[in-house]
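Q: Could we go through this chain together, starting with the charged pairs and then moving on to the helices and the record?

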Amino acid sequence: MATMAECRSALDRLSDNLAAAEGDVRSAAALDRSLSCHIKDLDITFTGRLADGRIRVTDTVEVPPGEKAEIRLAMTGDDLVALVDGDLNFAKAWAAGRVRLEAGFRDLLRLRSLL
């Protein structure tokens, strides 16, 4: 089971990957939205913002955040690490129910290039 530090490190690596991306991925990551990533097996939620092509984690909470983020992810810590490391395909994990992504319809259309 991935630790909280490993999950935070994975989110930082994901942020770096998004910042270095080009083309459609870069434009999809250029949203300015609140973001949360709930790690189900640790029962923690990283909250922050997707802005300027980067994920900025601002807090880690052990209870559901007071406000719903505009983009919400939920998965196990191991799945987060595997996704960022390239060992798990997002679309397949989402289709199998291992990863949950909730966002507004327009955001989902923009984010589809990240999948």
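Q: Let's start with Asp-79: does it count as buried or exposed?
A: Asp-79 counts as buried, at 8% relative accessibility, where buried means under 20% relative accessible area, exposed over 50% and partly exposed in between, with a 1.4 Å probe and protein chains only. Please keep in mind that this is a predicted model, in which local features need pLDDT of at least 70 and side-chain atom pairs count only at pLDDT 80 or more, while totals for chains, interfaces and linings use all residues. Residues are numbered from 1 along each chain as its sequence is written, and side-chain values use heavy atoms, with hydrogens and water left out.

Q: Which residues does Asp-79 touch?
A: Leaving aside residues up to four places away in sequence, Asp-79 touches Leu-88 and Arg-98, a contact being heavy atoms within 4.5 Å.

Q: And what does Arg-98 form with Asp-79?
A: Arg-98 forms a salt bridge with Asp-79, and the closest N and O atoms are 2.5 Å apart; the term stands for a side-chain nitrogen of Lys or Arg within 4 Å of a carboxyl oxygen of Asp or Glu. The pair links distant parts of the chain, 19 residues apart, with Arg-98 in the loop between α4 (90–95) and β5 (100–103) and Asp-79 in helix α3 (residues 77–85). Helices (H or I, at least four residues) and strands (E, at least two) are DSSP runs, numbered from the N terminus. Arg-98 itself is partly exposed, with a relative accessible area of 38%.

Q: How many salt bridges are there by that rule?
A: The count comes to eight salt bridges. One of them joins Asp-32 to Arg-49, with the closest N and O atoms 2.8 Å apart. These partners are 17 residues apart, Asp-32 being in the loop between α2 (23–28) and β1 (33–39) and Arg-49 in strand β2 (residues 44–51). Asp-32 counts as partly exposed at 43% relative accessibility, and Arg-49 counts as partly exposed at 34%.

Q: What about Asp-107, which residue is its salt-bridge partner?
A: The partner of Asp-107 is Arg-33, and here the closest N and O atoms are 3.0 Å apart. Because Asp-107 lies in helix α5 (residues 105–111) and Arg-33 in strand β1, the pair ties together parts that are 74 residues apart in sequence. Asp-107 counts as buried at 8% relative accessibility, whereas Arg-33 is partly exposed at 24%.

Q: Changing topic, which residues of α1 are buried?
A: The buried residues of α1 are Cys-7, Ala-10, Leu-11, Ser-15 and Leu-18. Seen down the axis of α1, they fall within an arc of 140 degrees, so they line one face of the helix; the arc is that of the directions from the helix axis to the C-beta atoms. On the other side of α1, Ala-5 and Ala-20 are exposed.

Q: What do the buried residues of α1 pack against?
A: They pack against α2, β1, β2, β3 (54–61) and α3.

Q: Last one: which residues does UniProt list for "coiled-coil region"?
A: UniProt, in an unreviewed entry, lists residues 4–31 for "coiled-coil region"; its positions are given in the numbering used here, feature names are shortened, and annotations may be inferred rather than shown by experiment. In the model, the span of residues 4–31 is 82% helix and 0% strand, and its end C-alpha atoms lie 26 Å apart.
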